[in-house]
Amino acid sequence: MIFATKAVDFRYKILTGTPNKIWNLLLLRFSFYLSKWTGRNLFFGKPFSLSIEPTTSCNLRCPECPSGLRSFTRPTGMLKEDDFKLMLNQFKRTVWAMNFYFQGEPYLNKDFLKMVKLAAASKIYTITSTNAHYLNPETARETVKSGLHRLVISIDGSTQETYSSYRVGGSLEKVIEGTRNIIKAKNELGSHTPHVIFQFLVVKPNEHQVEEVRRMASELGVDELRVKTAQIYDFVNGSPLIPTQDKYSRYRKSAGGKWELKNKFENHCWKMWQGCVITWDGKVVPCCFDKDAAHFLGRIEGANDFRKIWKSPEYQAFRASVLNNRREIDICKNCSEGTQVFS
């Protein structure tokens with residue numbers, strides 16, 4: 001069952017491809033490996049994937065999330081449909097995948113599904129991540145009708161007590177109800193999309209419930225379960241959220257008793273070549289680890305702004321710094337690239 005649904009999802013990814021997108025991806029890959037091997041910033045192509053932020057607002061108060069902690073220094077707001085259209089026209093010929101998520105809960109933006117529909121109609125593979133609290137029957141049907149290809153639902157516990165220990169202010173019952181609504185809407189509309197994924201973020205309070213959530217996903221008819229390691233901001237001195245099972249942790253204890261990230265800090269990063277993040281107010285930042293948009297590379301306000309920003313001296317300098325000494329870049333110090341995601 002899972003293999004079949006993954007195959008259908010993969011088919012939709014392929015169907016959103018065009019000769020332009022395939023050629024662009026080849027250019028990006030070639031220039032990335034050339035840069036990696038030579039240590040020189042050599043760059044060809046345009047973005048393959050983008051993360052677009054519908055909003056920074058969120059209804060929950062998760063302890064390791066800037067939206068949940070209300071800790072942003074940047075403003076909170078909503079992406080407007082007209083601003084999204086301005087963005088879309090600048091990269092729809094080469095972007096293969098678009099993730100409508102950065103920070104916040106996408107469904108709080110009333111224009112969110114309109115924007116998804118525009119992207120899907122432009123043959124872009126569309127993705128979002130949600131806490132599923134707003135997936136009532138009507139919104140679930142509109143989600144399916146929008147053409148959204150992949151829907152990631154955060155479910156971090158099989159009991160309310162465990163779930164709410166991380167998803168503070170959340171209701172597991174609403175997550176389950178929202179999941180049932182989206183599965184029902186897919187069946188009633190005869191749609192293969194969206195591919196529904198339960199994402200289980202493993203922290204110490206919930207690590208014993210992985211198999212229970214796996215059974216829950218199967219019973220509800222979810223297409224896939226993804227078990228993901230959690231990012232901990234202040235991990236050096238340990239945290240009550242770090243799992244006891246080593247395979248579920250991004251961190252390990254060093255010989256000196258401090259905690260450190262498991263993955264290696266090699267001086268390269270595919271994310272710097274394949275795409276970027278655009279915040280709700282049009283700021284372009286290098287990747288999803290720059291949650292407060294500290295590494296501001298430009299703002300999309302006009303019809304040709306993105307092309308200029310993508311190959312600007314500022315962006316090129318940032319890519320070069322990754323190749324030179326990635327360990328010294330603040331947003332790279334807690335990066336999960338190279339860590340494991342379990343299915």
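Me: Buried means under 20% relative accessible area, exposed over 50%, and partly exposed in between (1.4 Å probe, protein chains only). Why is Ala132 called buried?
Reply: Ala132 has 1% relative accessibility, so Ala132 counts as buried. This is a predicted model, where local features need pLDDT of at least 70 and side-chain atom pairs count only at pLDDT 80 or more, while totals for chains, interfaces and linings use all residues. Residues are numbered from 1 along each chain as its sequence is written, and side-chain values use heavy atoms, with hydrogens and water left out.

Me: What makes the backbone of Lys123 worth a look?
Reply: Its phi is positive, about 60°, although Lys123 is not a glycine. Most residues other than glycine have a negative phi. Ala132 also has a positive phi, about 70°, and is not a glycine. Lys123 is in the loop between helix 5 and strand 3 (125-130). Ala132 is in the loop between strand 3 and helix 6. Helices (H or I, at least four residues) and strands (E, at least two) are DSSP runs, numbered from the N terminus.

Me: How do you know that the peptide bond from Thr193 to Pro194 is cis?
Reply: Its omega is near 0°. Most peptide bonds are trans. Pro194 lies in the loop between helix 8 and strand 5 (195-202).

Me: Which residues of helix 6 are buried?
Reply: In helix 6 (residues 137-146), they are Thr139, Ala140, Thr143, Val144 and Ser146. They cover an arc of only 160° around the axis, so they are on the same side of helix 6. The arc is taken from the directions from the helix axis to the C-beta atoms. On the other side, Pro137 and Glu138 are exposed. The cover over the buried residues includes helix 5 (112-121) and helix 8 (172-189).

Me: What makes Asn136 a cap for helix 6?
Reply: A side-chain oxygen of Asn136 lies 3.2 Å from the backbone nitrogen of Glu138, at the N-terminal end of helix 6. A polar contact is a pair of N or O atoms within 3.5 Å; within protein, one must be able to donate a hydrogen and the other to accept it, and residues adjacent in sequence count only if both atoms are side-chain atoms. The distance is 3.2 Å, so the pair falls within the cut-off. After helix 6 comes Gly147, with a positive phi near 95°.

Me: How do you know that strand 1 and strand 2 pair?
Reply: Two strands pair if DSSP finds at least two bridges between them. Strand 1 and strand 2 (residues 97-99) have 3 bridges, so they pair, in the parallel sense. Here Ser51 stands opposite Asn99. Strand 1 is also joined to strand 9 (residues 275-278), in parallel, by 4 bridges. There, Leu50 stands opposite Cys276.

Me: Which way do the residues of strand 1 (residues 49-52) point?
Reply: Ser49 and Ser51 point one way, Leu50 and Ile52 the other way, and all are buried. In a regular strand the side chains alternate between the two faces of the sheet.

Technical notes. Contact = heavy atoms within 4.5 Å.
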